[in-house]
Amino acid sequence: MPTETFEFQVEARQLLQLMIHSVYSNKDVFLRELVSNASDALDKLRLEKLKDDSLDADVSDLHIELDIDKDARTLTVRDNGIGMSYDEVGQLIGTIANSGTARFLEELRESKDAAGEEGLIGQFGVGFYSGFMVADEVTLVTRRAGEKQGTRWTSRGEGTYTLTTVEDAPQGTSVTLHLKPADPENQLHDYTSPWKVREIVKRYSDFIAWPIRMTPEGTATDEGAPEPETLNSMKALWARPRDQVSDDEYHELYKHIGHDWRDPLETIRLQAEGTFEYQALLFLPAHAPHDLFTRDFRRGVQLYVKRVFIMDDCEALLPPYLRFVKGVVDAADLSLNVSREILQQDRHIEMMRRRLTKKVLSTVKDLMAEESDRYATFWREFGTVLKEGLVTDAENRDALLAVSSFASTHHDTEPTTLKQYVERMKDGQDDIYYLTGESRQSIENSPHMEAFRARGIEVLLLTDPVDEVWVDAVGEFEGKKLRSVAKGEIDLDGEDAKTAESEREKQSEEYAGLLDWMGKHLADDIKEVRLSSRLTVSPACVVSDANDLTPALENMYRAMGQEVPTAKRILELNPGHALVKGLNQAYTERGEAPELAETAELLHGLAVLAEGGQPKEPARFVKLMADRLERAL
C-alpha cells in the first residue's frame, strides 16, 4: 500500500521538540505513559465487547506485553486492546485536540522543581509523545478490533509522520521505540535492560488491572520459547488493607487516574458494608486543573463492578461542585452492563452519591480542624467551586457552610468562618454583613463600607461570582440574616438610636426639597433619592433595594442568556458632606438652575463610578466634568 506523509499540527511540533530536547532528569515516565495508554485500550475493548457481543474481537487473554531487542536497541509496548483505525491514528496522533495545549507547553517549559521532572505529561493526554524523550524514531502499528486492515505510523519527530495501511497487523496497538544511546550524565538510562524495565513497571504501574508481561532473558528451554513473566501485582489498591499499601502507591494510583504529576493533597478511603457493598478510594488534588470551570471539563470518578472497570468518568457518583475529586469506586452489586442513563436513576447509585459526598465534606472539615495549612491550600484551589454547592445542594448546605471560609475586615490575610464571625458580633448586632465585588481592594474602598469601618463592624468581603448567588440562596446562618451593606436601608445606631432618629428627622425636613427635585430630575436612572446612614466620607453612593438583583447578578444572568429587567437603583446622599450641604443651600437659594441639574448628574455619576460601575452616558459625564473643572480654575 502507498505510504503517505503528513505534517504535524503546530502545537504537536512544539511538543515534540520539547520532548526530543527534554532536560528533565526523570525520563522513566515515558513507560508509565505508554503502559497507561495500553491499559486504557484494553478497558475500552472489554467495554465494547460487553455492549456488542457480535464484535469480531478476541478478549480471551487481554494483556500488555513488553518486548526488548538489545541488538536493534528497541523497546516495544504492545497490547491486544481496542486499536485504532487509519483515520483515528491521524486524528489522535497527528494533532493534539486539547484546548489546554498552549497552557501545557507553557507549564512544561517553566516547570523547574523536582516534582515537575515527573512530567506534567499525562495531565493533558499527550503521553504518547513522551516516547520521543528516549527514542530517535517511533513506530506504531495498530488494528482496530473488528476491522481487517491495520495502520503503520512512523516518525522521527522532525515535523512529519508517515501513514500506511498493513494487511497482517494483529488486533490492538504496538509502539516500538528506536532508543537513543544511553547517556547516564543526562539521566537517559539503558531501556534495553530488563531490570530497569522491571523497576519502572513496579514503581509506576504495579496497580494496572491488566497483566504486564515480559519474556525473561536466557531462559530458553528444549521445549521452545520461555514463558513470559508478569511484572505487576494487579492488586486493586482500594481492596487491600490500609497497612499493606504505602502512601507512594496511593500517590502513583492518583497520578495514573488523575493525569497529574503532583501528589494528591489528601487520600480518602471508604468501605461500605451491609445490604449494598462498595469500596471507594478518593483523592483531593493539591491544585485545581486549568479547565475546572470550562464546559468540556471531564468530571467523575472511575466506576468498577467487582474490580471490573466499567467507566472512566462516572458523573452520577458525586455532585458537580465536587467535580475536582478523583478516584475509584468499586461496587459489588451493580450490573456490568450498566449505562449512564441507568446510573442517573439507580437507587444504589444515589445512596453511594450521598455517602461519598458526606465523606468528602467530613474529610475537608477534619482538614480544617486539624491541618489548617492543608485546608488553606484546599480552599484556595477549590473554594470557589465548592460554594456552588451552597446554591445547588440544600441537603448538605449546613455541612458546606461549616467548611467554607471567607475574607473579612477582621483580618488582612486570615479568612473567617461564619461561626467565627457570629462569635465576634457586637452586642445588638442582628445581621451578618457582607459586600460583593471584583477584588478585596475595591470592596474595602467602597463608599458602602464607610459607616461599618467607622463603627468597627466586621464585613465579609466576597469576590467570587458565585458569591452573588449563594448569599441569597442561604439567606441566614444560625438565625442571623446575611445582609448586603449595599442593599436596603442600614441602621447601625444601636444605643444612640433615639438621638440619631431625631437628627435624621431634622435632616429630612432640611433636605426634603432637594431630595424631591433630584428624584424627579434623575427619574430615568434611579428609583429614589434619600439621605444615607452608611456614608461618613463620600458625598453619595448608589444602593439596590432590599429585594432587587444587584447589577453584577443582572450581568451574570444576561451572560447565561437569561433576560432580566434592569432594576433602578437608589441614590443616597451624605448630609454631612460639604458638597451635599452646598448643593442643598444652592437649591434653596436658586431653585432649578441648569448648573445645579448638571451637579446632580455629576453626583450620581460619581456614585456609580465609586462602586465600580459606569455612567449611562460616559461621554456626557466626561464633558460635564471637564466643563466644571474648567470653570473652577
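An open sheet of nine strands runs in the order β1-β6-β5-β4-β7-β3-β2-β8-β9, with mixed pairing. Here, strands (E, at least two residues) and helices (H or I, at least four) are DSSP runs numbered from the N terminus, and two strands pair if DSSP finds at least two bridges between them. The model is predicted, so local features need pLDDT of at least 70 and side-chain atom pairs count only at pLDDT 80 or more, while totals for chains, interfaces and linings use all residues. Residues are numbered from 1 along each chain as its sequence is written, and side-chain values use heavy atoms, leaving out hydrogens and water.

- At the edges sit β1 (4–7) and β9 (229–230), each pairing on one side only.
- Helix α2 (residues 29–51) packs on the sheet, where it touches β2 (64–69), β3 (74–79), β7 (172–179) and β8 (212–214); contact means heavy atoms within 4.5 Å.
- The direction of α2 makes about 25° with that of β3.
- Five bridges join β4 (residues 135–143) to β5 (residues 150–155) in the antiparallel sense, and Val141 stands opposite Arg152 in β5.

**The helix pair**
- Helices α19 (residues 594–610) and α20 (residues 618–632) pack at about 120°, with axes 10 Å apart; axes are lines fitted to C-alpha atoms, for helices over the stretch in contact, and angles run from 0 to 180 degrees between N-to-C directions.
- The two helices, α19 and α20, are therefore oblique to each other (under 35 degrees is roughly parallel, over 145 roughly antiparallel, 65 to 115 roughly perpendicular, and the rest oblique).
- Contact residues include Leu602 and Leu606 of α19, and Phe621 and Arg628 of α20.
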